Amino acid sequence: MSSPNSGAAGEGRSQKERGADTMRRVVRQSKFRHVFGQAVKNDQCYDDIRVSRVTWDSSFCAVNPRFVAIIIEASGGGAFLVLPLHKTGRIDKSYPTVCGHTGPVLDIDWCPHNDQVIASGSEDCTVMVWQIPENGLTLSLTEPVVILEGHSKRVGIVAWHPTTRNVLLSAGCDNAIIIWNVGTGEALINLDDMHSDMIYNVSWNRNGSLICTASKDKKVRVIDPRKQEIVAEKEKAHEGARPMRAIFLADGNVFTTGFSRMSERQLALWNPKNMQEPIALHEMDTSNGVLLPFYDPDTSIIYLCGKGDSSIRYFEITDESPYVHYLNTFSSKEPQRGMGYMPKRGLDVNKCEIARFFKLHERKCEPIIMTVPRKSDLFQDDLYPDTAGPEAALEAEEWFEGRNAEPVLISLKHGYIPGKNRDLKVVKKNILDSKPTANKKCDLISVPKKTPDMASVQNEAKLDEILKEIKSIKDTICNQDERISKLEQQMAKIAA
C-alpha cells in the first residue's frame, strides 16, 4: 500500500500514518496471504465490445454461473449484452442485445434466485426486469417481463433482495429508494424523504432486513426499509467531496470507501450500534477513481477495484486489530472501466478459485481468476464453507409482512450444477388478462406421477386454488362495477 502524502495537518495526520504503517507492518498468518490473481488467455476474453461510456460510477457488468452481462454503447436508447459464459472470443457487432430502454442503461443486477432473470435501471426513469432464454439470446430482446415505473429521475441503482424471491430495490437521482414486488409489478415501499442528496450506492445486509446507503451529503445511513426509519447514521463518514461506497458485512458491520479532505482514498469499518468513531480507518493513495468494494462473506475478503485503476487490492476483515488486514494487490497494465464479480457458486472449486472478476476494458471484457495455491487435489473445505445457493428462503409477501430469513446455503463439494429455473411470472392485480386455469394445467403436467389417491388429492387442492382465484377475480370485478356506478352517479350529479 502506498504511504499517504506528506503535507497534511499535524497530529491527526501522523496518527493516521501510524495506522497505515501498522497495517503494512503486521505480518499475520492467513491462508489468503498468497492469493494470486491471473488474467485468462486472450482467447478466453470477450472481444470487440463497445463498453458504455456513460459517466456513472456503477460496475457496468454483472455475472452469474450462466451469463455475463455488460452495459454497452447504444444509439437511440440503452442496451446491454448478455453472453453465455462460454461464448468467448470476438463478439459480432450484430450480436443480439437487450434493448428496451429509451435512455442509457446505468446499472444491471442478476437475480440471485434465478440465473435467467436480470434487472436494469436507466436514464429513462424506469426499471425493467428481463427473462433471458436458457441458452442465451438469438434475437434482440425488446420486451421486458415487467416495467417498474415510479422514479421521477434517472435510475442509477438496482439491487435484488438476497434471500427473498421477487423483491427488488431501485434508487434514483430523485433521491428516492423504491422496493418492488416484481411478482405483482407493484412498488410496496417508497423511501423518498430520507436522503437530501444523490444516493451513491445501496447495500442489503445478509438476511435483507436492513439496507445501508452512501450519499452525496457525506452521510452513511443504516435503514430499516419496512419500518421506514433510519436506524443509524454517520455524518462525514469520509470528509472528501468525491463519491463514497458503503456495504454490509456478514457480521452486521458496515465497510465504507471514500476520500479524505486531502483527496486521499480511504477505507473504514463501522459498527452501526455506535457510529461515532470508526472501528478502523486507513488511507490508501491519492488516485481519484471511486473504489468499488466486492465482498465475499464466506472468506471475509474485500476486493477493492478503483474505476480507472489497473489494480485490484484485497483485504481480510477479522475481529482483531487492525481489523482490516491488507493481503495483496493484483496489478495489470490496462485501466478498468468497470468490473463484474462472480457469485461463489460459479467458481471452479477444483482449481481452488476463490474469486473471479470480469474486468471491462474499452473494447473487451477480461476474466481475472483469484486462486489460493494448494498442493492437494482434495476439496478444500476451509476455502469453501457452505455458501448462499439459488433457492430463495422467503416469498415476497412473507418478507413484506415482517419475516426475515438467512440465505439457504449449499455445499460446493461436488461443484455447483445449475438447476432448471422457473419462469418469472408477473401477476398484475386488478388486471383480468391472466389465465389461471392454463397456468395451473402447466403446473399439473410438470408434477411427477404419483399414486391415484395422491394425484386426486393434489388435483382437488389445485381445483380449490383455481376456484379461490376465480372468486377473488369475481370479487374484484364486483368492486370495480360498484366503483364505476358510484362515479357515474357523481358525474350525473355534476352534469345536472
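Which residue stands opposite Thr256 in S21? Ala246 does, and the pairing belongs to a predicted model, in which strand S20 (residues 245-248) and S21 run antiparallel to each other over four bridges.

**Strand S21 and its two partners**

- Strand S21 covers residues 254-259, and because six of its six residues are buried, the strand is largely enclosed by the rest of the structure.
- The side chains of S21 are divided between two directions, with Val254, Thr256 and Gly258 pointing one way and Phe255, Thr257 and Phe259 pointing the other way, and all of these residues are buried.
- On the S20 side, the hairpin has five residues between the strands, and within this hairpin Gly252 takes a positive phi near 95 degrees.
- With strand S22 (residues 265-270), S21 is joined by six bridges, and these two strands are again antiparallel.

- Ser58 lies in the loop between strand S2 (46-47) and strand S3 (61-63), and its relative accessibility of 7% places Ser58 among the buried residues, since buried means under 20%.
- Once neighbours within four places in sequence are set aside, the residues in contact with Ser58 are Leu106, Asp107, Arg245, Leu292 and Lys307.

**Salt bridges**

- The count of salt bridges comes to 21, and one of them is formed by Arg53 and Glu362, whose closest N and O atoms are 3.4 Å apart.
- Arg53 counts as exposed, at 52% relative accessibility, and Glu362 counts as partly exposed, with a relative accessible area of 46%.
- Glu233 and Arg221 meet through their side chains in a salt bridge, at 3.6 Å from N to O; Glu233 belongs to strand S19 (residues 229-234) and Arg221 to strand S18 (residues 220-224), with the two residues 12 residues apart.
- The two partners fall into separate accessibility classes, as Glu233 is partly exposed at 36% relative accessibility, while Arg221 is buried with a relative accessible area of 2%.
- Asp296 and Lys344 form a salt bridge in which the closest N and O atoms are 2.9 Å apart.
- Because Asp296 lies in strand S24 (residues 291-296) and Lys344 in the loop between strand S28 (338-341) and S29, this pair ties together parts that are 48 residues apart in sequence.
- Both Asp296 and Lys344 are buried.
- A network of salt bridges links Asp48, Arg90, Lys93 and Arg363.

**Cysteines**

- Zero disulfides are found when the whole structure is searched.
- Cys125 is in no disulfide, since the nearest cysteine sulfur, which belongs to Cys173, is 9.0 Å away, and a disulfide is a pair of cysteine sulfur atoms within 2.5 Å.
- Cys125 counts as partly exposed, at 21% relative accessibility, whereas Cys305 is buried, with a relative accessible area of 2%.

**A nonpolar patch on the surface**

- Leu463, Leu467 and Ile470 form a nonpolar patch on the surface, and together these residues have about 260 Å² of accessible area.
- Leu463 is found in helix H4 (residues 452-495), and at 49% relative accessibility Leu463 counts as partly exposed.

Notes
Residues numbered from 1 in each chain as written. Predicted model: local features only at pLDDT ≥ 70, side-chain atom pairs only at ≥ 80, totals over all residues. Heavy atoms only, no water. Buried < 20%, exposed > 50% of the residue type's maximum accessible area, 1.4 Å probe, protein only. Contact = heavy atoms within 4.5 Å. Patch = residues over 30% accessible without salt bridge, like charges linked within 9 Å, V, L, I, M, F, W, Y side chains within 5 Å. Areas by Shrake-Rupley, 256 points an atom, 1.4 Å probe, with all protein chains shown as cover. Salt bridge = Lys/Arg side-chain N within 4 Å of Asp/Glu carboxyl O. Pairing = 2+ DSSP bridges.
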